[in-house]
Amino acid sequence: METASTAKEDLKDTLGRAMKDLRISVTDRCNFRCSYCMPLDKYEWIDRSEILSFEEITRLSRIFVRLGVEEIRITGGEPLLRHDLEALVSQLARLEGVKDLSLTTNASLLSEKAAALAAAGLNRVNASLDTIRSEKFRLITRRDDLANVLEGLSAARRHGMNPIKINSVIQRGINDDDILELVEFSRQHGFWIRFIEYMDVGNSNNWISDKMVSKIEILETIHARYPLKEIGRADGSAPAVNYQFLDGIGNIGVIASVTEPFCAGCTRARLTADGRLVMCLFADQSLDLKRLLRSGADDEAILSFIRSAWIARTDRYSEERLEAMNSGDYQPRQRRKIEMISLGG
Ligand code: SAM
Ligand code: SF4
Ligand code: SF4
């Protein structure tokens, strides 16, 4: 039986959505410059003194768990750039009430880190990989790291991580001709693959809807070569719709944030590296938890602040985007959003 301190609240926002997932960005720095995420050469980085310590992150996570969070994902920027990340993994893995702990990474440093992460209690990983051709990889990420990424995936497997999920963002005219190769690669190596519709995150990726390859187009390409059957979402709040290969080999899903938004089931809260609470990937506002934390507030005060913010939550940006796109008046750069590197996807 749960003790009073671990009992979870049945918190709901204005649209009846619970808070079940927490995405924690541990750094806004990245060693890649993916065209769809961080295309500029220079950014205004968060000052180091503003970055939450592992102890602060763990304390906040414990409070989020009391409010209903069951799944935690560590992300960034590139989370493996954060020194000694395994120490945070070890603290979060021990939190009572967390059913799932995962890491989203570009995998370029994973071969060096996999052993320590696995020993610290990380048992699965999501790796971003949009092509397995080295020229194209360089074009998309502006780095020459494909070999390191592939080694990172092998190391994760050697250290028993399972599943290893590959996330591929598909952009028209860039890597829409890589879809089948990515499918084959993942089937061959036993990695799960999740295709992601290209989104209008942040303010600098010059998103236009024509560059987005829809879920339907992605599935048509795959189905013509490897017939598929829809299985559905793993649960009501899962972003990916899963499919089964009729030959039984592999595991595939598509995250259709643009063409089939899933805001109605969005149970995700986000914590930025500098301790701001963000309620939506496309938000233009955040709430400063760090200030509260560092002003000496006790857990109950922080909990009640987060609770009030979640209860007032109204975000449904992707549904609004689709409505605007359908009526022909969507302007992706009208609202100044928080950058993806602060939010971590
Ligand atoms: N650096 C890590 C990585 O690349 O996996 C973690 C952070 S990254 C911001 C998290 C995820 O967001 C990645 O899977 C990335 O592909 C995805 N992402 C970034 N920009 C995107 C965009 N414009 N549309 C769709 N997905 C995007
Ligand atoms: Fe870095 Fe990940 Fe963004 Fe690429 S998607 S620039 S690896 S944070
Ligand atoms: Fe959640 Fe915002 Fe994405 Fe909708 S647009 S699914 S509310 S993060």
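Close-up 1. Glu 9 counts as partly exposed at 30% relative accessibility, where buried means under 20% relative accessible area, exposed over 50% and partly exposed in between, with a 1.4 Å probe and protein chains only. Arg 307 is also partly exposed, with a relative accessible area of 26%. Their side chains meet in a salt bridge (2.6 Å, N to O), a term for a side-chain nitrogen of Lys or Arg within 4 Å of a carboxyl oxygen of Asp or Glu. Arg 307 lies in helix α9 (residues 299-311) and Glu 9 in the segment before β1 (21-25), so the pair ties together parts that are 298 residues apart in sequence. Helices (H or I, at least four residues) and strands (E, at least two) are DSSP runs, numbered from the N terminus.

A word on the model: it is predicted, so local features need pLDDT of at least 70 and side-chain atom pairs count only at pLDDT 80 or more, while totals for chains, interfaces and linings use all residues. Residues are numbered from 1 along each chain as its sequence is written, chains are lettered from A and ligands numbered from 1 in the order in which they are written, and side-chain values use heavy atoms, leaving out hydrogens and water.

Close-up 2. The closest N and O atoms of Asp 178 and Arg 133 are 3.7 Å apart, forming a salt bridge. Asp 178 lies in the loop between β5 (164-170) and α6 (179-189) and Arg 133 in the loop between β4 (125-128) and α4 (134-141), so the pair ties together parts that are 45 residues apart in sequence. Asp 178 counts as buried at 0% relative accessibility, and Arg 133 as partly exposed at 32%.

**Close-up 3. Glu 197, a buried residue with no salt bridge.** Here we look at Glu 197 in strand β6 (residues 192-197). The nearest side chain of opposite charge (Lys and Arg count as positive, Asp and Glu as negative; His and the chain ends are not counted) belongs to Arg 321, 6.8 Å away. Not counting residues up to four places away in sequence, the residues that Glu 197 touches include Met 212, Lys 215 and Ile 255; contact means heavy atoms within 4.5 Å.

**Close-up 4. The residues around ligand 2.** Among the residues around ligand 2 are Cys 30, Phe 32, Cys 34 and Tyr 36, each with a heavy atom within 4 Å of it.
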